[in-house]
Amino acid sequence: MVNDDGSPYISGLTKIILLFSEKEMRVRIHSNGIKYSEVIARSLAKNLVSVVISPDTAIPETYEKIKQVPCCEKSWESIKKYAAVQSHPDLVKAKFIVVAGINDTLYEIDKFIEKCLECGVSHVI
């Protein structure tokens, strides 16, 4: 399957979601959030999936140290878009993995909490 922006994405995601939903099973998707997916957004709106995105920080410089790519804002943009369409407030979760010496300060955690609230996320893992 190809994402709306032409980038490769999980092959057959729509079909996989439908196969599980036919059996009344919700799919949990884990993602870095860099590539926004309309399939995921539509599925969140229909309560067919939940999504866990792991930005691990709200600070672009820290994100790049952890992930080795400059995509902090892309990840948070996806989180915000997904949170805006979710059919229930617990379907979109932001994950914060503590990396010792990098994102383990109160400042980092405060910024992460602020960003979650700004984006409409009420559940953190």
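Helices (H or I, at least four residues) and strands (E, at least two) are DSSP runs, numbered from the N terminus. With that in hand, let us walk through this structure.

This is a predicted model, in which local features need pLDDT of at least 70 and side-chain atom pairs count only at pLDDT 80 or more, while totals for chains, interfaces and linings use all residues. Residues are numbered from 1 along each chain as its sequence is written, and side-chain values use heavy atoms, with hydrogens and water left out.

**The strands**

Strand β2 covers residues 49-53, and five of its five residues are buried. Buried means under 20% relative accessible area, exposed means over 50%, and partly exposed is in between (1.4 Å probe, protein chains only). Val49, Val51 and Ile53 sit on one side of β2, Ser50 and Val52 on the other, and all are buried.

Two strands pair if DSSP finds at least two bridges between them. Strand β1 (residues 27-31) runs parallel to β2 and is joined to β2 by five bridges. Here Val27 is placed opposite Val49 of β2. Between β1 and β2 the chain passes through helix α2 (residues 38-45), in a β-α-β crossover that is right-handed; that word applies if, with the strands pointing away from the viewer, the path from the first strand over the helix to the second runs clockwise. Strand β3 (residues 92-94) also pairs with β2 in the parallel sense, over three bridges, and Lys93 of β3 is the bridge partner of Val52.

**The salt bridges**

A salt bridge is a side-chain nitrogen of Lys or Arg within 4 Å of a carboxyl oxygen of Asp or Glu. The structure holds four, including these:

| Pair | N to O distance |
|---|---|
| Asp56 and Lys67 | 2.9 Å |
| Glu73 and Lys115 | 3.9 Å |
| Glu114 and Lys111 | 3.6 Å |

Asp56 lies in the loop between β2 and α3 (60-67), and Lys67 in helix α3, eleven residues away. Asp56 is buried because its relative accessible area is 3%, whereas Lys67, at 26%, counts as partly exposed.

Where is Lys115? Lys115 belongs to helix α5 (residues 106-119). Lys115 counts as buried because its relative accessibility is 14%. Leaving aside residues up to four places away in sequence, Lys115 touches Ala58, Glu73 and Trp76, where contact means heavy atoms within 4.5 Å.

Glu114 and Lys111 both lie in helix α5, three residues apart, about one turn of the helix. Finally, salt bridges that share partners join Glu73, Lys115 and Glu118 into one network.
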